[in-house]
Amino acid sequence: MTSEFKMKQIPSLFKKGTTWLKRFQSLTGLVLIIIMAIILSPRQHGTGHILFLTSENISDIFRQVSENGIIAIGMTFVILTSGIDLSVGSLLAVAATFSAKILTQWDPPFGQSLHLFLAIFLPLILTTSFGTIYGLVISKLKIQPFIITLAGMIGIRGFARFLTNNANIDIGFGDDISSVFANLLSPKPVVISTFVIAAIVMSILLSRTVFGLRVKSIGDNSIGSRYAGLPVTKIILLTYALSGFLTGIAGILHAAQNHQGSPNDGMSYELDAIAAVVIGGTRMTGGKGSILGTIIGVFIMGILTNTFRLKGVDINIEMMAKAIIIVIAVWLQMPRQGKNKG
């Protein structure tokens, strides 16, 4: 009797297990990637420790994902409105080069502290302004986000190259203001802490505020949101401005860590950010997603990259593997999208 009862429970347990896996598919994917990384990881010479699990490697992963993570957080807000921002890589480049230019080619008649503050503050104003322009054009002129941010990707990259005359601007390693900037913003704890703070603040903004609720509402049904009296234009404008601001932060950290501002920095960063958002379960058509999901997506991509590097896998194979994972992530979302839209 007991054995028969257990047999009858198997389909029910299987169904519950499948439902749980679908609900937490991003987290399940992260766990599987971590297990794979541990199994495939080389061992340290001498100690025999698993290289992937060493504290140095784990802190390196956190550092490596921080820039993309900050950008992906902003991209989450944009995609939740059913938009897209293809220009974040170019925005990162313009923030890094503008900051480097202020530090190395400007000799203001005031102290180092204010000079340092402006080298951080002015690039943030610039990238936030570009985001604000996107929001205005998208919401007022009704131009598709894909088109306007594609134009931004090309034009802003050109602006970064014009700004630097197609050359890298080295920040240097001496005792001047540019070195103070690099020494202040490049250590691992600073970079990782910035990422963590951005994730916490933006998660609260998305999940606990009226602004976050309206972002999701607009992505779910923009026409209905307008009829409901929501300030759609203002929300879209703020969303793109927020993405520009966060990308500016990533650009400044990028310049500090690399001791230079290059107009060619940030190439394909927009694809990495979009991939992290999608893998994290945010719906590409807007309305549904979370910052936590995006963080999980960022770490899936980061751990995958780290594993390939530890194994010395060819970068072309790495790119193909990532492409397959992105397709699988989108495919896994499709049944749930159908149910939600239906």
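1. Throughout, a residue is called buried under 20% relative accessible area, exposed over 50%, and partly exposed in between, using a 1.4 Å probe and protein chains only. The model is predicted, so local features need pLDDT of at least 70 and side-chain atom pairs count only at pLDDT 80 or more, while totals for chains, interfaces and linings use all residues. Residues are numbered from 1 along each chain as its sequence is written, and side-chain values use heavy atoms, with hydrogens and water left out.

2. Four salt bridges are counted, each being a side-chain nitrogen of Lys or Arg within 4 Å of a carboxyl oxygen of Asp or Glu. Asp60 and Lys188 form one of them, at 2.7 Å from N to O; Asp60 belongs to helix 3 and Lys188 to helix 8, so the pair ties together parts 128 residues apart in sequence. (Helices are DSSP runs of H or I, at least four residues, numbered from the N terminus.) Lys188 is buried at 18% relative accessibility, whereas Asp60, at 25%, is partly exposed, and both join Glu56 in a network of salt bridges.

3. Arg283 pairs with Asp220 in a salt bridge whose closest N and O atoms are 3.0 Å apart. Arg283 sits in the loop between helix 12 and helix 13 and Asp220 in helix 9, so this pair ties together parts 63 residues apart in sequence. Arg283 is buried at 5%, but Asp220 is partly exposed at 46%.

4. Helix 12 is largely enclosed by the rest of the structure, because eight of its eleven residues are buried, including Glu270 and Ile279.

Methods:
Helix = DSSP H or I, 4+ residues; strand = E, 2+ residues; numbered from the N terminus.
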